[in-house]
Amino acid sequence: MKKYLIQFKPFLIFISTFFAAYIVLTLLYKLYLDTFNANDVDGITNVVGKNVEQLMNVFNCDIKIHKSIADSWLEVWYNKHYGVRIVEGCNAVSVIILFVSFVLAFSGKLKTTLLYILFGIVFIYVLNVVRIAILVVLLFYFPDYNHFLHGTFFPLIIYGSVFILWIIWVNKFSKYAK
């Protein structure tokens, strides 16, 4: 048994660090969400909505985003047409938690790790805001492709980008980089 523990020590350290970070960050996020009433939109999702609106205003889009009166999401009105809602799951926090947990599990030097995590969080956040803005426009013109665009294409872009960030991290900056 001791032989296997020694042999698989790097993997066991990775897996335990990953799950510990993931659980702690997820619990902290859950505690944050619990500070909001059931019908409220959390602060992070509100900021995402404001940033989507700001981005689309740069391109002179007819966009209005506001809190739903009856529910806990943001209504997105594009060209005076209500077609999209932004819910808590659209704020990319779960993707960011996954990203951070992986980087911590393959950590490198403290400063490099922290800077890469900060870069990754900003990158994922900005990519998510751009994703929502493009999704709003595409769903206005191609509503029949909702399932493909929202359920397949854009998740592939977000998770694919995170995967590329992980590959860069492991190969260039982590303690396992050559």
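This is a predicted model: local features need pLDDT of at least 70, side-chain atom pairs count only at pLDDT 80 or more; totals for chains, interfaces and linings use all residues.

Residues are numbered from 1 along each chain as its sequence is written, and side-chain values use heavy atoms, with hydrogens and water left out.

Helix H3 spans residues 43-58; helices (H or I, at least four residues) and strands (E, at least two) are DSSP runs, numbered from the N terminus. H3 has 16 residues and extends 23 Å from its first C-alpha to its last, close to the 22 Å expected at 1.5 Å a residue, where the expected span is 1.5 Å times one less than the number of residues. Within H3, Thr45, Val48, Gly49, Val52, Glu53 and Met56 are buried, that is, under 20% relative accessible area, with exposed meaning over 50% and partly exposed in between (1.4 Å probe, protein chains only). These residues lie on the same side of H3 because they cover an arc of only 135° around the axis, the arc being that of the directions from the helix axis to the C-beta atoms. Lys50 and Val58, on the other side of H3, are exposed. The buried residues of H3 pack against S1, S2, S3 and H5, contact meaning heavy atoms within 4.5 Å.

Two packed helices are described by the angle between their axes and the distance between the axes. H3 and H5 (residues 110-141) pack at an angle of about 65°, and their axes are 9 Å apart. Axes are lines fitted to C-alpha atoms, for helices over the stretch in contact, and angles run from 0 to 180 degrees between N-to-C directions. On the H3 side, the residues that meet H5 include Val47, Asn51 and Leu55, and their counterparts in H5 include Tyr125, Asn128 and Val136.

Most residues other than glycine have a negative phi. Asn60, although not a glycine, has a positive phi of about 55°; Asn60 is found in the loop between H3 and strand S1 (63-67), and counts as exposed at 71% relative accessibility. Asn79 also has a positive phi of about 55° without being a glycine. Asn79 is found in the loop between strand S2 (74-78) and strand S3 (81-86), and is partly exposed, with a relative accessible area of 30%.

Finally, Pro155 is placed in helix H6 (residues 146-173) and is partly exposed, with a relative accessible area of 25%.
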